[in-house]
Amino acid sequence: MHHKFEFEYEALTDSSQLSTEDQSLLEAARKATETAYAPYSNFHVGAAARLSSGQIIIGSNQESTSFPVGICAERTLLNSVGSQFPTLTISTMAISYHPVGKDANEPISPCGMCRQSLLDYENRYGAPIKIILAGMSGKVMIIASASMLLPFGFDGAILK
Ligand code: THU
């Protein structure tokens, strides 16, 4: 028996096609790239989350002299929301980036570790986290639930 996994996402030519709310979230993610500490990769990533309260919280990648110790923007943000706002949930996360000296017109997509963490937070919340991906300009991708980015992800329910 063969099975097929498919998911749908939306692609827009630029951010002007987003709702006003999502445009400001993406702008916050773009601005958050300025807070990245990325002297080793020169790849500045910013993420912004809209919480159930309406507040916008940002995160950015924070690198380390011991390279594997560095953390991506998405997990900086998730863990910061988890610890500072434990009673709130994230409805949408926007992710952008800015490589020093280069253009960023294409979206980037979260790494495998961040996908696991996003899935964990969705499971904690019992609600989807919408993901908006874009560079500093150009194409925007919208994914309705972070879980779609990690098919066959580890389901923590088995640990119970
Ligand atoms: N990085 C992120 O912050 N998020 C991603 O989605 C991909 C990669 C960071 C990790 C590292 O600091 C730099 O970008 C280059 O990999």
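Reply: Helix α2 (residues 73–84) and helix α3 (residues 112–125) pack at an angle of about 25 degrees, and their axes lie 9 Å apart; helices (H or I, at least four residues) and strands (E, at least two) are DSSP runs numbered from the N terminus, while axes are lines fitted to C-alpha atoms, for helices over the stretch in contact, with angles from 0 to 180 degrees between N-to-C directions. That angle makes α2 roughly parallel to α3, a term used for angles under 35 degrees, whereas those over 145 count as roughly antiparallel, 65 to 115 as roughly perpendicular and the rest as oblique. The crossing of α2 and α3 is left-handed, that is, the near helix is turned anticlockwise from the far one by less than a right angle, clockwise being right-handed.

On the α2 side the contact (heavy atoms within 4.5 Å) is made by E74, R75, L78, N79, V81 and G82, and on the α3 side by M113, C114, S117, L118, Y121, R124 and Y125. Sorted by class, this contact has seven nonpolar, three polar and three charged residues, where Ala, Val, Leu, Ile, Met, Phe, Trp, Tyr, Cys and Pro count as nonpolar, Asp, Glu, Lys and Arg as charged, and the others, Gly among them, as polar.

The model is predicted, so local features need pLDDT of at least 70 and side-chain atom pairs pLDDT 80 or more, while totals for chains, interfaces and linings use all residues. Residues are numbered from 1 along each chain as its sequence is written, and side-chain values use heavy atoms, leaving out hydrogens and water.

The six strands form an open sheet of mixed pairing in the order β1-β6-β5-β4-β2-β3, two strands being paired if DSSP finds at least two bridges between them. Its edge strands are β1 (10–12) and β3, each pairing on one side only, and neighbouring strands are turned by 20 degrees against each other on average, direction ignored.

Within this sheet, β4 (residues 90–99) and β5 (residues 130–134) pair in the parallel sense over four bridges, with A94 opposite I132 in β5. By contrast, β2 (residues 43–51) and β3 (residues 56–60) pair in the antiparallel sense over five bridges, and they form a hairpin with four residues between them, where G54 in the turn has a positive phi of about 100 degrees.
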